[in-house]
Amino acid sequence: MSIPVDGVDFLLYINTGTELEPVWSVLGGQRGATFKRQADEIDASSKTSKGWKDTIPGLRSWGIEADALVLEDDAAFDKMDDCYMNRNPVQVRYARKDGSKWEGKATITDLSEETPHDDVATYKLTLSGIGVPIKTMA
């Protein structure tokens, strides 16, 4: 019998160092993250497909959507904010419970803060991957 994996052990990191000397800082206050991998669909239907659609995968893409608490002195958030404001890509790492990791560069396409007067301040983040994400095993 397979045992479900607890999502609390999946973490998003941001490189707050340089590309040559990375410093992987955990994104503080994380509540949820979705690592997305998608492929465009190319219609490969023909007269011989007997009225049924045939498809093949096209261009692939990846990205991450996350939400977190706004924390004071969060180096990872500060780096993302700086990258967003200066239109620079951010280097990200999505780490799984088993120790495997996906890494790559991404464009920040959404960085929205929500600040209700009767609750904690939170933000939502959308990253759009650039090129191929690299997987490393534990």
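Author: Accessible areas here come from the Shrake-Rupley method with a 1.4 Å probe, and for residues only the protein chains shown count as cover. The model is predicted, so local features need pLDDT of at least 70, side-chain atom pairs count only at pLDDT 80 or more, and totals for chains, interfaces and linings use all residues. Residues are numbered from 1 along each chain as its sequence is written, and side-chain values use heavy atoms, with hydrogens and water left out.

Reader: What does the accessible surface of the protein come to?

Author: About 9600 Å², and 51% of that belongs to carbon and sulfur atoms.

Reader: And how many helices and strands?

Author: The protein has 1 helix and 7 strands, in the order β-β-β-β-α-β-β-β from the N terminus. Helices (H or I, at least four residues) and strands (E, at least two) are DSSP runs, numbered from the N terminus.

Reader: Switching to Ser25: buried or exposed?

Author: Ser25 counts as buried because its relative accessibility is 15%. Buried means under 20% relative accessible area, exposed over 50%, partly exposed in between (1.4 Å probe, protein chains only).

Reader: Where does Ser25 lie, and which residues does Ser25 touch?

Author: Ser25 lies in strand E2, residues 24-26. Not counting residues up to four places away in sequence, Ser25 touches Leu12, Tyr13, Ile14, Thr16, Ala75 and Ala76; contact means heavy atoms within 4.5 Å.
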